Amino acid sequence: IHPAGGTLAIRARVLSYHAHPLTEGVEASHRYIEDGLVVVRGGVVEAVGEAAGLLADLDPAIPLVDHRPHLLMPGFIDPHLHMPQTQVIGSYGTELMEWLSKYTFPEESRYGDPAVSDAAARFLMAELLRNGTTTAVAFCTSHPQSAESFFSEADRLGLRMVGGKVMMDRHAPDALLDTPERGYDESTDLIRRWHGRGRLSYAISPRFAPTSTEAQLEATGVLAAEYPDLHIQTHLSENHGEIAFVAELFPWAEDYTAVYERYGLVRRKALFGHCIHLSERERGALAEREATAVFCPTSNLFLGSGLYDRDAALAAGLRTGIATDIGGGTSYSMLTTAAEGYKVLALRGQKLRGHAAFYMLTAGNADAIGLNDRIGQVAPGFEADFVILDTAATPAQRRRAERIETLEEELFVLMTTGDERNVVATYAAGRKVHSRDGDRGLPGR
Ligand code: GUN
Ligand code: ZN
């Protein structure tokens, strides 16, 4: 519980998922309360139910906020993005490897400067909250300063955030390179300073196999073994040029995934961005060790990386998260991200219905990052991170709404046409941290 966690009750249409609609069936996957009340005490959900029943016993000292007719859902979770890429989004004309060297590495080189990284952290958190995202798993840069900025701002706002300093010791400009020893020492220092403080968690963050020597991957494996409960985040099998480069650099490895396996980096709470061009062996190896694949549709389309195979992951028993991948990705909105995810899957002949999409953005992503015991549901004991959604925020949506008959349809249209204009308010630990109408926004600095 965050010490500054809020106490209040919110009346709204309440929607929360507790099981996967694709494996357990839509009816068994969620609870929807047309006139619901969520009671929050000290930043944690105390009760959820029909407003008529709960209002009768509600402590009159608890402030009551009426968000009807809007939808209250768990805050969205974005399991893969890059804090230092807010000024890279929309860089023209390249695929992954050229995009990294031409735009991204030069930009990330600026982040040793605290003024640069503080400004990025402030912008990023505010923008995530404007989009209804209350938790993200973020890469910072190789500069420890960038992680300091990220964690300080998340802590100031009382957000549940996961992040880490990138480790990379080859194939990039000198200003971005650490060494096996420095990567290990700086990560250890940041873990001691930040992991478990407030609502923060540290993610061990080797950028990807091409930018680490074997000595660095070895050191990363030692760190991972010393901290078996920590998140690990990296990239895997995004682009054919990248995969060919890995085959050249690690001739002993039977495939890309085998490099990470060799150093003990494949496990529960290890998050592998992209996973587009995996073999069946690789999917099986990731699934067996309970790792997570993270689908980044706007990025995969923008960089022309390829089409994620969700059904192959499901068949292999491999968990899939869905993420923005700012700034290879082009939108901060998890609604837009789900819409583009639908289109990627459509190109593969696969489907993503409204309920399955909103499951992924909330409880599904919470499971993907192993925090499903505390976030991703609106249920007693869960942290009070919510997004309040107006499903008819624009003229086009109001026109469309006249012909909507079911919740499933309403959700699908919301994701297909939605963005931050649909986010009425965002709550973190029971405190309002964003308001569309500006009556109360971020706590001032
Ligand atoms: N692979 C290694 N680094 C990156 C990055 O910053 N973005 C993307 N999309 N892929 C990567
Ligand atoms: Zn990425």
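Strand β11 (residues 270-274) and strand β12 (residues 292-295) run parallel and are joined by three bridges, where helices (H or I, at least four residues) and strands (E, at least two) are DSSP runs numbered from the N terminus, and two strands pair if DSSP finds at least two bridges between them. Within this pairing, phenylalanine 272 has alanine 293 of β12 as its bridge partner. Strand β11 is mostly covered, five of its five residues being buried, a residue counting as buried if 20 or more other C-beta atoms lie within 10 Å of its own, as exposed if 12 or fewer do, and as partly exposed in between, with C-beta atoms placed from the backbone.

The model is predicted, so that local features are described only at pLDDT of at least 70 and side-chain atom pairs only at pLDDT 80 or more, whereas totals for chains, interfaces and linings use all residues. Residues are numbered from 1 along each chain as its sequence is written, while chains are lettered from A and ligands numbered from 1 in the order in which they are written. The mean pLDDT of the chain is 97, and 98% of its residues reach 70 or more, pLDDT being the predictor's confidence in each residue, from 0 to 100. For the complex, the predictor gives an ipTM of 0.99 and a pTM of 0.98.

Strand β6 (residues 133-139) is likewise described as mostly covered, with seven of its seven residues buried. Strand β5 (residues 76-82) pairs with β6 in the parallel sense over five bridges, and isoleucine 77 stands opposite threonine 135 of β6. Strand β7 (residues 161-164) is joined to β6 by three bridges and runs parallel to it, with valine 137 opposite valine 162 of β7. Together with helix α5 (residues 144-157), strands β6 and β7 make a right-handed β-α-β unit.

Helix α5 also packs against helix α4 (residues 114-130), in that their axes come within 8 Å and cross at roughly 40°; axes are lines fitted to C-alpha atoms, for helices over the stretch in contact, and angles run from 0 to 180 degrees between N-to-C directions. Helix α4 is therefore oblique to α5, since angles under 35 degrees count as roughly parallel, over 145 as roughly antiparallel, 65 to 115 as roughly perpendicular and the rest as oblique. The crossing of α4 and α5 is right-handed, a crossing being left-handed if the near helix is turned anticlockwise from the far one by less than a right angle, and right-handed if clockwise. The axes of helix α14 (residues 354-368) and helix α16 (residues 407-417) come within 8 Å and cross at roughly 60°, so α14 and α16 are oblique to each other, and their crossing is left-handed.

An open sheet of seven strands has the order β3-β2-β1-β4-β14-β15-β16, with mixed pairing. Strands β3 (44-50) and β16 (431-435) stand at its edges, each with a single partner strand, so one side of each lacks a neighbour in the sheet. On average, neighbouring strands of this sheet are turned by 35° against each other, direction ignored. Strand β1 (residues 8-17) pairs with strand β4 (residues 64-74) in the parallel sense over five bridges, and aspartate 66 of β4 is the bridge partner of arginine 11.

Conventions. Right-handed = clockwise from strand over helix to strand, strands pointing away.
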